[in-house]
Amino acid sequence: MSETGQQHPLTVYIWIWILLFVLSSFSYMVDYYNLQGYLRWSLILIFMLLKAGFIVAIFMHMKWERLALLGAIILPTAFLLILVGMMTLEADYTFLARDVFFVEQDGLLEGGNHHH
Amino acid sequence: MANDTLTGNLQNFAEDWAADREAFKVPWGKAMMWIFLLSDTFIFTCFLTSYMTVRMTTTVPWPFASEVFALTVFGVSVPLLLIAIMTFILITSSGTMALAVNYGYRQDRKKTMLLMVATAILGASFVGMQAFEWTKLIVDEGIRPWGNPMGASQFGAVFFMVTGFHGFHVSCGVIYLLVVAIKVYKGHYEKKGYAIVEITGLYWHFVDLVWVFIFAFFYLW
């Protein structure tokens, strides 16, 4: 397979192509019908991950690559979730600090949880 | 492909990484493209994570993307219309690229070249729409990297940085596609083989992949 490269039937690509169109329409519908809250966020994430997964697995041929290449690319990418997690904690703290100090001084908001 | 079971895969994995030998059994250009794309993944993740951070920390409301990016068509305001069209254009171009890779390995030079040129044209129209969007935002809506009339001032900084860097990738991709398409048509790869089309395709699909995340997190969230 490494000699000739990745060759697969055209129908595979065409089906995935159609699927990507459908999934994109679904994610657009989330906004068009103005869904809100956890329903909105979970649908956005589901459609996003499905689209990303099909692009990487089929269009970029990851499904057919050996584990050595897959691991070298996917594993470091997965570690990025740690960065996202750490920045979430940091952002929560920053927001809390701003809410307590800045907003109170400016008198823009009232009724926050203020512990002095 | 002889042993497709989990233990077989793990055995292959151990053997591929063991001792002083070639780890990736793909053309070197393809391995290098994947490693470049990995580094690009880190850059875009840093951008999107910093976007997440400024959006979570601001005490001022974040502008409502659905309204900011709405277009008025025949007097009706349609949310995110231009962005939706741009999304569909990029997916269409991913499809034509996938077909180009397929025809490349069949050594059908003319079809490969035509499909790659089609991909490049779709990419260029994406950049054109982005230029229209930027103009509308800067001139009509008064959005600047340091502030805007709708809410949190970080909105502009994030918007211009993330979509600008992505647009730059698309522009580079258009040039890359055209160069390879011409070389394919001229028969430069008859001896070397057509892995180059697959490698170019990897870059192009990656650009589409990044847009999937930008669309979800910046425009829809």
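Helices here are DSSP runs of at least four residues, numbered from the N terminus. Keep that in mind, please, as I will be using helix numbers throughout. And one caution: this is a predicted model.

Let's start with the two chains. Chain A has three helices and zero strands. From the N terminus, its elements run α-α-α. Chain B has seven helices and two strands. Its pattern along the sequence is α-α-α-β-β-α-α-α-α. Along the principal axes, the C-alpha atoms of chain B fill a box of roughly 60 × 40 × 25 Å.

Now burial. In chain A, 16% of the 116 residues count as buried. In chain B, 37% of the 221 residues do. What about contacts across the sequence? Take contacts in chain A between residues at least 6 apart: 43% of them join residues at least 24 apart. For chain B, at a separation of 6 or more, residues 24 or more positions apart account for 71% of the contacts.

On to the interface. How many residues does each chain put into the contact? Chain A gives 46 residues, and chain B gives 46 residues. On the chain A side, helix H1 (10-32), helix H2 (37-59) and helix H3 (67-106) each give two or more residues. H3(A) has the largest share of that side, with 20 residues. By class, the chain A side divides into 29 nonpolar, 10 polar and seven charged residues.

Let me pick out one helix pair there. The axes of H2(A) and H7(B) come within 10 Å and cross at roughly 175 degrees. Angles over 145 degrees count as roughly antiparallel, so H2(A) is roughly antiparallel to H7(B). Who touches whom? From H2(A), the contact residues include Ile44(A), Met48(A), Ile55(A) and Phe59(A). From H7(B), they include Leu209(B), Val212(B), Phe213(B) and Leu220(B). Lys51(A) and Asp208(B) are also among the residues that make this contact. By class, the contact has 11 nonpolar, one polar and two charged residues.

Next, the core. The largest nonpolar core has 68 residues. Which residues have the most contacts inside it? They are Ala100(B), Met116(B) and Phe215(B). Both chains supply this core: H1, H2 and H3 of chain A, together with H2 (28-57), H4, H5, H6 and H7 (195-220) of chain B, each supply at least two residues. H7(B) gives the most, with 20 residues. Look at Met116(B) in particular. Setting aside neighbours within four places in sequence, Met116(B) is in contact with Ala100(B), Leu177(B), Val180(B), Ala181(B) and Val184(B).

H4(B) covers residues 81-105, which is 25 residues. At 1.5 Å a residue, H4(B) should span 36 Å; its end C-alpha atoms are 37 Å apart, so the two agree. Is H4(B) enclosed or open? Of its 25 residues, 18 are buried, so H4(B) is largely enclosed by the rest of the structure. H1(B) covers residues 6-17. At 1.5 Å a residue, its 12 residues should span 16 Å; the end C-alpha atoms are 17 Å apart, which agrees.

Most residues other than glycine have a negative phi. Gln107(B), which follows H4(B), has phi near 60 degrees. Ala19(B), which follows H1(B), also has phi near 60 degrees. Leu80(B) has phi near 55 degrees, and sits in the loop between strand S2 (76-78) and H4 of chain B. Buried or exposed? Leu80(B) has 22 other C-beta atoms within 10 Å, so Leu80(B) is buried. The last one is His61(A), with phi near 65 degrees. His61(A) is in the loop between H2 and H3 of chain A. With 22 C-beta neighbours inside 10 Å, His61(A) counts as buried.

One more loop, and I'm done. Where is Arg144(B)? Arg144(B) is in the loop between helix H5 (109-140) and helix H6 (154-186) of chain B. It has 15 other C-beta atoms within 10 Å, so Arg144(B) is partly exposed. Phe159(B) is 15 residues away along the chain, and the C-alpha atoms of Arg144(B) and Phe159(B) are separated by 9.4 Å.

Methods. Residues are numbered from 1 along each chain as its sequence is written. Chains are lettered from A and ligands numbered from 1 in the order in which they are written. This is a predicted model: local features need pLDDT of at least 70, side-chain atom pairs count only at pLDDT 80 or more; totals for chains, interfaces and linings use all residues. Two residues are in contact if their C-beta atoms, placed from the backbone, lie within 7 Å. Ala, Val, Leu, Ile, Met, Phe, Trp, Tyr, Cys and Pro count as nonpolar, Asp, Glu, Lys and Arg as charged, and the others, Gly among them, as polar. The expected span of a helix is 1.5 Å times one less than its number of residues. A residue is buried if 20 or more other C-beta atoms lie within 10 Å of its own, exposed if 12 or fewer, and partly exposed in between; C-beta atoms are placed from the backbone. A nonpolar core is a set of buried Ala, Val, Leu, Ile, Met, Phe, Trp, Tyr and Cys residues joined through C-beta atoms within 7 Å. Axes are lines fitted to C-alpha atoms, for helices over the stretch in contact, and angles run from 0 to 180 degrees between N-to-C directions. Angles under 35 degrees count as roughly parallel, over 145 as roughly antiparallel, 65 to 115 as roughly perpendicular and the rest as oblique.
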